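I opened the file to look up a few things and wrote them down as I went. The notes are in the order I checked them.

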Amino acid sequence: MDYLDYKHEPINKEVEEKKEKFVAPFILKKRHFILPIIATSLLYLAYLHSTAMVLLVITTYLMIYINRHTIKKSIWYKKLNLWFLYRDVQKMSKNLNQVQLLLTKKLLEIPIGKEESEVKSFMDLIDYFGMKYPFMNMIKDTKEERIWVQGTHMRCISSYSYLSLTEDVRVQNFALESAKKYSTGNHGPRMLCGNLCILEDLEKDIAKFFDREGALVFSSGYLACMSAIAGYVQKGDFLIMDKLCHNSLKAGVRLSLAGSAHYFKHNNFEEAERIIAKKKKKNQRLIMIIEGVYSMDGDIGHLDKARKLCDKYGGTLILDEAHSLGTIGKTGRGTEEYYDFKHKADIIVGTFSKSIASVGGYIACSNDLRTYYTLYAPGLVFSAPLSAYNTGAAIKSFSIINQEPEKVLKLQENSTYLRNKFREHKFNIGNSETCVIPVIFNDPLQTINLHYFMKKKGFFTAAVMAPACPILEPRFRITPNCTQTRQDLDDIINVFIEARDACPPHPKFKEIKEVLGL
Ligand SMILES: Cc1ncc(COP(=O)(O)O)c(C=O)c1O
């Protein structure tokens with residue numbers, strides 16, 4: 001989850017401001033009425049004193065009447081309309097997530113109760129959508145290229161299994177063998193009696209893969225990312241991170257003794273430097289957090305600039321490689337390889353739930369830090385590690401990536417082809433430069449309809465909406481893999497073209513778009 005942290009931030013002044021900022025474009029402020037009120041009062045006063053003014057007023061009203069169609073089309077008229085429509089939404093919403101829920105209810109003309117809770121707003125929408133609800137689809141038989149989604153055989157075009165390793169029988173067999181050998185659970189956290197030797201085997205593979213001294217694994221990427229920050233950061237440290245960093249990294253910040261971070265605009269290292277120069281005290285330790293491939297936008301973090309800044313100000317650089325491992329760099333070693341290994345991060349974090357066909361996460365770092373984390377990473381000390389089954393799947397996935405780098409190249413080739421095709425057909429895919437291809441629309445309701453339409457055509461792609469992305473930039477994240485053929489990729493483009501023609505934007509959202517100048 002990236003962008004604004006709509007949901008989890010406490011309701012304080014800052015959140016109020018963000019809420020205002022989102023709804024503000026729809027809203028006519030009181031001050032906007034001052035001029036018309038003064039003008040009308042003046043006219044009224046004049047009317048009291050002169051009959052000529054009566055004529056003026058009548059003429060003015062006539063002019064307005066004659067031009068009513070033009071006025072209706074004017075931006076101010078639309079703003080006024082939207083003001084009436086959204087005034088109560090803004091008042092009632094306790095956080096930005098509820099703004100979205102209530103807005104959607106308004107547009108769908110679902111009644112909104114007085115002081116309605118967020119859960120109620122959410123449940124009303126679920127009831128409304130029924131079978132069209134776009135999330136939590138029941139999926140079966142994921143071992144094949146086509147999967148079963150709620151009883152229909154479909155092509156999954158949003159899978160994170162970039163290298164198709166979830167379908168690889170070698171991975172499945174090794175996972176099963178590992179489970180047979182070490183059983184399905186572990187006896188608690190690693191500090192107590194859960195430190196299975198297969199976990200350390202995997203850690204050696206990860207350290208080697210990233211050319212680091214050591215690595216530590218966790219039962220999820222979320223825990224690994226969160227722990228890397230929460231365990232490392234001390235009170236008084238100066239944290240700065242890209243605004244689009246993943247929620248797990250932000251959770252680490254909140255859990256850390258520093259408690260909060262400074263955010264810079266996505267990939268804007270000039271702004272990052274301005275913030276550091278202005279706000280960091282001399283004796284404060286600097287920690288910068290960025291991602292390799294950004295999961296909602298598919299562009300690449302500027303590791304080179306981040307490293308230079310950290311070197312200049314003596315900082316530690318934490319890099320999340322969740323979507324970069326196996327996807328960028330000639331052999332899939334991620335962002336450092338993408339930059340020809342000229343720049344290095346101090347701490348690498350990531351997950352096994354994308355290119356690596358498993359579940360779990362890792363920190364790759366120096367030996368000293370590894371030892372330190374064994375005592376201070378909350379997700380390791382207070383939580384059990386991943387099972388032998390998942391560990392085995394991860395070990396086999398790493399070994400296949402090492403032995404078959406051609407998979408990475410094929411993925412990159414497919415991604416370039418698909419990105420070019422989307423752009424050629426005038427879809428908005430932002431600044432995507434990787435296998436994460438966001439196809440961005442401006443209307444959440446249209447997005448749900450598109451999702452449903454494509455599902456009917458046999459293509460399963462999850463709709464991504466706020467709070468995971470800005471409210472008026474809902475999207476589908478299309479993710480090619482290394483086994484798709486040209487025909488498969490063309491089929492994706494064709495279904496998108498068909499869906500776009502069949503599902504126009506909601507007229508009200510069209511208006512919002514116009515008013516906002518989107
Ligand atoms: C950038 C990023 N970091 C961390 C994670 C967390 O990974 P996991 O699913 O293993 O918890 C994700 C998952 O989507 C992610 O996209």
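This is a predicted model: local features need pLDDT of at least 70, side-chain atom pairs count only at pLDDT 80 or more; totals for chains, interfaces and linings use all residues.

**Entry: two loop residues**

I looked up Glu115 and found 7 other C-beta atoms within 10 Å, so Glu115 is exposed. Glu115 sits in the loop between helix H6 (96-107) and helix H7 (118-129). Its phi is positive, near 55°, although Glu115 is not a glycine. I wrote beside this that most residues other than glycine have a negative phi.

Next I took Asp211, in the loop between helix H10 (197-209) and strand S4 (214-218). Phi of Asp211 is also a positive value, near 55°. Is Asp211 buried, exposed or partly exposed? I found 13 C-beta neighbours inside 10 Å, so Asp211 counts as partly exposed.

**Entry: helix H19**

I checked the length of H19 (residues 406-424). At 1.5 Å a residue, its 19 residues should span 27 Å, and the end C-alpha atoms are 27 Å apart, so the two agree.

Then I listed the buried residues of H19: Lys407, Val408, Leu411, Gln412, Asn414, Ser415, Leu418, Arg419 and Phe422. Viewed down the helix axis, the buried residues of H19 fall within an arc of 165°, so they line one face. I recalled that an α-helix has 3.6 residues a turn, so residues three or four places apart point the same way.

On the face turned away from the buried side of H19 I found the exposed residues Glu406, Asn420 and Glu424. The cover over the buried residues includes S11, S14 and helix H21 (486-502). After H19 comes Lys426, with a positive phi near 60°.

**Entry: the sheet**

I followed S11 and S14 into an open sheet of three strands, in the order S11-S14-S13, with antiparallel pairing. S11 (437-440) and S13 (463-464) each have a single partner strand and stand at the edges, so one side of each has no neighbour in the sheet. S13 pairs with S14 (residues 475-478) over two bridges. Val464 stands opposite Arg475 in S14.

**Entry: around the ligand**

Which residues come nearest to the ligand? Of the 14 around it, I noted Gly221, Tyr222, His246, Ala322 and Thr351. Helix H11 (residues 221-232) gives the largest share of the shell, three residues. I sorted the shell into three nonpolar, nine polar and two charged residues.

How values were computed
Residues are numbered from 1 along each chain as its sequence is written. Two strands pair if DSSP finds at least two bridges between them. Helices (H or I, at least four residues) and strands (E, at least two) are DSSP runs, numbered from the N terminus. A residue is near a molecule or strand if its C-beta atom, placed from the backbone, lies within 6 Å of it. Ala, Val, Leu, Ile, Met, Phe, Trp, Tyr, Cys and Pro count as nonpolar, Asp, Glu, Lys and Arg as charged, and the others, Gly among them, as polar. The expected span of a helix is 1.5 Å times one less than its number of residues. A residue is buried if 20 or more other C-beta atoms lie within 10 Å of its own, exposed if 12 or fewer, and partly exposed in between; C-beta atoms are placed from the backbone. The arc is that of the directions from the helix axis to the C-beta atoms. Two residues are in contact if their C-beta atoms, placed from the backbone, lie within 7 Å.
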